[in-house]
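Here are my notes for you to read alongside the model. Take the points in order and keep the viewer open.

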Amino acid sequence: MLEETVMGKNAHEIPTTRPLDYQEVEKDPTFRELKKRHRSFVFPLAIAFLAWYIAYVFLAAYAHEFMARPVFGAINMGIVLGLGQFVTTFAITTWYVSYANRKLDPLAAKMRAKLEAEESAR
Amino acid sequence: MIATALRIAETTVVENNPVLNISIFIVFVGITMVIVIRASRNNKTAADFYAGGRSFTGSQNGTAIAGDYLSAASFLGIVGAIAVNGYDGFLYSIGFLVAWLVALLLVAELMRNTGKFTMADVLSFRLKQGPVRMAAAITTLAVCFFYLLAQMAGAGGLVSLLLGINDKLGQSLVVVVVGVVMIMYVLFGGMKGTTWVQIIKAILLIGGAAVMTIWVLALNGFNLSTLLQNAADASDKGMAVLAPGLQYGSNPLDFISLALALVLGTAGLPHVLMRFYTVPTAKEARRSVVWAIWLIGTFYLFTLVLGYGAGFMVGPEIIANSPGGVNSAAPLLALQLGGPLLLGFISAVAFATILAVVAGLTITAAASFAHDIYANVIKKGAADSSSEVKVARRTVVVIGVLAIVGGVGVQGQNIAFLVALAFAVAASANLPTILFSLFWKKFTTRGAVWSMYGGLGSAIILIALSPVVSGDVTSMLGDGVDFAIFPLKNPGIISIPLGFFLGWLGTVTSTTQEDPAVAAEMEVRSLTGHGAEKAVEH
């Protein structure tokens with residue numbers, strides 16, 4: 001399986017389906033683009049939201065006076081930043097879904113079609 | 001002042017109508033039981049029993065995830081913590097919600113594409129089956145057991161609060177009833193039945209909380225600032241309830257440790273991960289998480305209003321002095337707003353919450369034992385689907401009985417730390433291996449095994465050596481014995497980095513390499529969904 005190239009080498013054996021050579025699949029430009037788009041989106045975003053959450057946690061743990069500072073009425077900095085965590089969570093969710101629908105799903109579907117065709121052709 | 005508070009607390013208990021509460025709960029059990037039996041007439045294969053035939057939509061599964069995730073601790077516990085300790089209770093809500101971004105961005109879709117039924121399916125995909133499955137099954141069972149015990153103990157506590165049953169025999173009886181009903185749901189319904197119980201419970205819980213939230217806001221002129229001011233005026237701590245520090249001010253490091261476990265633990269909770277297999281595609285898995293985030297986020301926004309609302313309308317002293325302590329804040333607020341009928345509804349919802357959560361935990365633990373340990377480790381993958389399901393059903397009964405015995409055994413014990421421990425184990429033992437196997441091609445069997453056992457072991461050892469077990473008046477063993485050499489009540493700050501570090505160390509010191517062909521297969525499958533779903537509509 002390891003030594004096989006993508007197509008045709010053992011065609012005379014005519015099996016119905018054969019395992020794909022996934023190491024070859026990984027070199028496919030469509031797949032590489034999919035992987036790049038996925039990682040370049042989720043990694044920075046994951047680091048960003050974790051940093052923002054940890055910053056908030058440190059403020060809540062050590063900066064009590066800052067968090068108690070009034071913003072409007074009885075609503076203080078702590079409530080504003082806490083609700084801010086909700087807002088960013090909802091915003092990141094929406095952003096990721098729209099990105100995945102536009103940039104990831106079409107490539108994943110294209111790859112699946114390609115792989116399925118390759119498998120049944122073998 | 002305390003005398004008045006006690007008198008009011010007594011009258012509120014008298015006003016409480018146990019017969020009404022029990023009747024509403026019985027109606028819930030009856031209706032859900034009919035739905036469970038109808039929904040699961042054709043539970044035959046392993047995919048039916050473990051994954052509901054992968055027939056749920058993203059919105060259904062997302063609602064079920066909310067039902068699985070919003071435990072009684074997060075409803076009664078958080079509302080009570082905000083009512084009594086103010087802002088610090090709100091910190092839980094935020095950690096529990098933000099954690100879902102880890103699941104959404106890094107875990108859900110890739111897990112759905114590479115696994116069949118359990119977390120171990122994914123972790124052992126390209127590593128050695130035996131040791132990795134075994135380790136993953138053990139951490140799964142550990143998390144489920146801690147969580148399950150906490151829920152069953154909570155059921156006992158709720159009984160005294162809501163049904164007016166204070167003697168130990170009566171409370172134990174209710175724990176037995178809860179356990180038996182749960183076993184029936186899971187045994188008859190499998191994952192399909194469990195899912196429907198969770199969906200119904202989520203709708204009732206979030207709906208009930210929504211009604212109470214709007215009610216509280218209406219009484220405060222729909223002005224959050226007014227509500228906060230009223231809550232501060234009602235508390236003897238004044239404006240301090242609106243800022244952090246009342247609960248964790250004395251030990252900020254402990255709080256940071258807890259916050260880490262909350263945000264990193266959710267995406268490693270096995271009963272949450274298993275829910276991703278009940279949908280047909282990765283896209284539906286993504287939709288599930290989006291639904292879950294909106295539902296859970298909205299619910300936690302409600303808890304902010306309900307917590308301060310209870311502080312304002314019931315009063316922190318009355319809550320703290322009532323039977324059930326802080327857990328009684330939400331029920332007492334319901335009584336104050338809508339009288340015995342609303343209290344009865346909220347009480348039934350609280351019981352339904354426990355039922356739905358323990359059902360989800362039990363089916364996860366049973367799947368892990370039957371699918372990972374029995375079929376893949378003992379039988380080396382040679383067991384057929386029907387004998388595997390048979391083992392799973394027997395495991396359900398065993399786990400149910402264990403939960404009942406454990407739940408009766410821990411009555412009156414202070415074991416609230418178990419939920420935090422479950423999150424800490426999930427974050428230290430499960431999440432590192434999940435992330436490494438999904439994103440790091442060089443990751444090896446040794447790394448996985450070291451990380452899982454190391455994360456699990458360190459979390460448990462640190463808890464055993466912490467003030468929750470000994471050396472403090474609130475400890476499990478009291479302050480008579482003291483071997484608490486670890487100063488924090490939450491082990492995450494040590495055990496989570498340790499789990500990641502051991503995963504790295506085990507990998508770089510490995511003498512054997514994993515098969516690069518299988519690693520490539522896993523990466524291709526995880527990103528494209530090839531092999532897990534239909535390629536194109538033909």
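1. Helices (H or I, at least four residues) and strands (E, at least two) are DSSP runs, numbered from the N terminus. Axes are lines fitted to C-alpha atoms, for helices over the stretch in contact, and angles run from 0 to 180 degrees between N-to-C directions.

2. Some ground rules: this is a predicted model, where local features need pLDDT of at least 70 and side-chain atom pairs count only at pLDDT 80 or more, while totals for chains, interfaces and linings use all residues. Residues are numbered from 1 along each chain as its sequence is written, chains are lettered from A and ligands numbered from 1 in the order in which they are written, and side-chain values use heavy atoms, with hydrogens and water left out.

3. Find helix H9 (residues 129-163) and helix H16 (residues 329-378), both of chain B: their axes come within 9 Å and cross at roughly 160°. H9(B) and H16(B) are therefore roughly antiparallel to each other. In their contact you'll find 23 nonpolar residues, eleven polar and two charged (Ala, Val, Leu, Ile, Met, Phe, Trp, Tyr, Cys and Pro count as nonpolar, Asp, Glu, Lys and Arg as charged, and the others, Gly among them, as polar).

4. Now for the charges. The whole structure holds 14 salt bridges over all chains (a side-chain nitrogen of Lys or Arg within 4 Å of a carboxyl oxygen of Asp or Glu). One of them joins Arg39(A) and Glu523(B), at 3.5 Å from N to O. That pair crosses between chains, from helix H2 (residues 29-62) of chain A to helix H21 (residues 516-528) of chain B. Arg39(A) counts as buried at 19% relative accessibility (buried means under 20% relative accessible area, exposed over 50%, partly exposed in between, with a 1.4 Å probe and protein chains only). Glu523(B), at 7%, counts as buried too.

5. Look next at Lys283(B) and Asp105(A), whose side chains meet in a salt bridge at 2.9 Å, N to O. This pair also runs between chains, from helix H14 (residues 282-313) of chain B to helix H4 (residues 77-121) of chain A. Lys283(B) is partly exposed at 31%, whereas Asp105(A) is buried at 18%.

How values were computed. Angles under 35 degrees count as roughly parallel, over 145 as roughly antiparallel, 65 to 115 as roughly perpendicular and the rest as oblique.
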